[in-house]
Amino acid sequence: MLYIIGLGLGDEQDITLRGLEAVKKCKKVYMEAYTSLLTFGLSTNGLSTLENLYGNTIILADREMVEEKADDILFESRDSDVAFLVVGDPFGATTHTDLVVRAKKLGIEVKIVHNASVMNAIGICGLQLYRYGETVSIPFFTETWRPDSFYEKIQRNRTMGLHTLCLLDIRVKEPTLESLCRGKKQYEPPRYMTINTAIEQLLEIEQIQWTSR
């Protein structure tokens, strides 16, 4: 059995009772650690806090493990209960949907335990959830890559009188371009986009579009 369990958005206490019961009985527990983070982060102390409450050892699953070694997780769940923990709700990222599809193709039973996610918690800002348009992700600009498709979606939402939820980039254990060229992976330091950086990038795109009119 493969359990995919949402943890909510705050700390270790936001897990549901159903999710906690599942985690306690699983032989292996993985925690996806690259699409989002709990508010207290995932330092050694933070991980110990989770393990103490959940009563189980937790294996951090970075992007490389989830996207390249998912078969190992699925193989383990054929003969034993395995939990895959996700910050927010399990279906907040396409990676998790892909894991469910692959498991079902292999005949592995999957149980989903839902939880709160930023998609509904954003209502705390006072804006009506029914008035949100397409959600966008804002990636970090690089020297050679400065995409602007997210800006166009924000414009489209505004034209229709809709709000936009912007998800800011998180880069954890990302290989450097130079190391990929050399065939030996080395990783960039973790980076977490701030609101200021997101606004600066939006203003840069606005300036480029304004001068090209």
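Which residues lie nearest the centre of the largest pocket? They are Thr-35, Ser-36, Leu-167, Leu-168 and Ile-170, out of 31 lining residues. The structure is a predicted model, in which local features need pLDDT of at least 70 and side-chain atom pairs count only at pLDDT 80 or more, while totals for chains, interfaces and linings use all residues. Residues are numbered from 1 along each chain as its sequence is written, and side-chain values use heavy atoms, with hydrogens and water left out.

**Overall build**
- The protein has nine helices and nine strands; these are DSSP runs numbered from the N terminus, with helices being H or I of at least four residues and strands E of at least two.
- The C-alpha trace spans about 60 × 50 × 35 Å along its principal axes.
- Of the 213 residues, 38% are buried (buried means under 20% relative accessible area, exposed over 50%, partly exposed in between, with a 1.4 Å probe and protein chains only).

**Pockets**
- A pocket is found on a 1 Å grid over the protein atoms alone, as an open set of points where a 1.4 Å probe fits, with protein on both sides within 12 Å along at least five of seven lines; lining residues have an atom within 4 Å of a point.
- The largest pocket holds about 1,100 Å³ of space, a volume being the space filled by probe spheres set on the points, which are joined across faces, edges and corners.
- Two or more residues of its lining come from each of α5 (94–105), α6 (118–121), β6 (136–138) and β7 (166–168).
- The lining of the largest pocket has 17 nonpolar, 11 polar and three charged residues (Ala, Val, Leu, Ile, Met, Phe, Trp, Tyr, Cys and Pro count as nonpolar, Asp, Glu, Lys and Arg as charged, and the others, Gly among them, as polar).
- The second largest pocket has about 350 Å³ of space, and its 13 lining residues include Thr-142, Arg-171, Thr-176, Leu-177 and Glu-188 nearest the centre.
- Five nonpolar, three polar and five charged residues line the second largest pocket.

**Cysteines**
- The whole structure has zero disulfides (pairs of cysteine sulfur atoms within 2.5 Å).
- Cys-125 is in no disulfide, because the sulfur of Cys-166, the closest cysteine sulfur, is 12 Å away, too far for a bond.
- Cys-125 is partly exposed at 44% relative accessibility, and Cys-166 is partly exposed at 29%.

**A charge over a ring**
- The charged end of Arg-191 sits over the ring of Phe-140, 4.2 Å from its centre (the cut-offs are NZ of Lys or CZ of Arg within 6 Å of the ring centre and within 35 degrees of the ring normal).
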